[in-house]
Amino acid sequence: MSITIPEQKKRLRAAYLALRATLPHKRELDLALCREIAAHAAFRDCDTLLAFAPTKGEPDLTPLYRIALERGLCVAFPRCTGKQMSFHTVSALTELSPGRFDILTPSENAPRASLGAHTLCLLPALAATKDGYRLGYGGGFYDRFLPAFPGITLLPIYSALLCDALPREDTDIPATHILTEKGVLLPYG
């Protein structure tokens, strides 16, 4: 009996959550990711940054978000309603409060972000392949959001969480850029 792709992903999620929990020097890794993103052309050229609040050991990119706000970028975080996700702007990180899944979220009154070609969306992931495919948490929020997203996606991930292959479904969309604390992996140069 073969294991279905959703079952494979469920097993991998548990393994990568456990691996991520054991990573040493997480704060240094997070700061290195922030530096790499800040130096990336996609960040330098964006006018809107779609961010994510860290949960379950994800990279804490708060220093990068502060830089973006200081630069005057529009910074937005996701709100999930039902099975849909939309991004809403904040003018300060203090405007975020625990929401669905206990993740820091903008208020329901926060303005919806305008999305365009110069919008950069940072993608959270438990693991990723070197060609930009990611293993998320299984809710499918980004899988439903990304097909209509007109901007650029960047997947920041710890190098220890890169793998050669992940099970894929037709709804999985690769990131246009991927980087680790060691630098850019995708697109290949």
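Because the model is predicted, local features need pLDDT of at least 70 and side-chain atom pairs count only at pLDDT 80 or more, while totals for chains, interfaces and linings use all residues. Residues are numbered from 1 along each chain as its sequence is written, and side-chain values use heavy atoms, with hydrogens and water left out. Helices (H or I, at least four residues) and strands (E, at least two) are DSSP runs, numbered from the N terminus.

- Strand β2 (residues 74-81) pairs with β3 (84-90) in the antiparallel sense, over seven bridges; two strands pair if DSSP finds at least two bridges between them.
- Two residues lie between β2 and β3 in this hairpin, and G82 in the turn has a positive phi of about 60°.
- Across the pairing, F77 stands opposite H88 in β3.
- Six of the seven residues of β3 are buried, leaving the strand mostly covered; buried means under 20% relative accessible area, exposed over 50%, and partly exposed in between (1.4 Å probe, protein chains only).

**Two buried loop residues**

- L96 is placed in the loop between β3 and β4 (97-98), and it counts as buried because its relative accessibility is 12%.
- Beyond its neighbours within four places in sequence, L96 is in contact with F77, V90, L104, T105 and P106, where contact means heavy atoms within 4.5 Å.
- The C-alpha atoms of L96 and A53 are separated by 9.0 Å, although the two residues are 43 residues apart along the chain.
- H40 sits in the loop between α2 (26-39) and α3 (41-44); its relative accessibility of 10% is why it counts as buried.
- Leaving aside neighbours within four places in sequence, H40 is in contact with L154, H177, L179 and V184.

**The open sheet**

- Three strands form an open sheet of mixed pairing, in the order β8-β7-β10.
- Its edge strands, β8 and β10 (162-163), each pair on one side only.
- Strand β7 (residues 127-129) runs parallel to β10, and two bridges join them.
- In this pairing A128 stands opposite L162 of β10.

**Pocket and cavity**

- Both kinds of space are found on a 1 Å grid over the protein atoms alone: a cavity is a set of points where a 1.4 Å probe fits but cannot get out, a pocket is an open set with protein on both sides within 12 Å along at least five of seven lines, and lining residues have an atom within 4 Å of a point.
- Grid points are joined across faces, edges and corners, and a volume is the space filled by probe spheres set on the points.
- The largest pocket holds about 730 Å³ of space; of the 35 residues that line it, F101, I103, Y137, F141 and Y142 are the closest to its centre.
- Helix α5 (141-145) gives the most to the lining of the largest pocket, with four residues.
- Among the other elements that each supply at least two residues of this lining are α1 (5-21), β2 and β5 (104-105).
- The lining of the largest pocket divides into 15 nonpolar, nine polar and eleven charged residues; Ala, Val, Leu, Ile, Met, Phe, Trp, Tyr, Cys and Pro count as nonpolar, Asp, Glu, Lys and Arg as charged, and the others, Gly among them, as polar.
- One cavity of 30 Å³ or more is found in the whole structure, and the largest cavity has a volume of about 40 Å³.
- R134, D143, L146, D172 and I173 line the largest cavity, giving two nonpolar, no polar and three charged residues.
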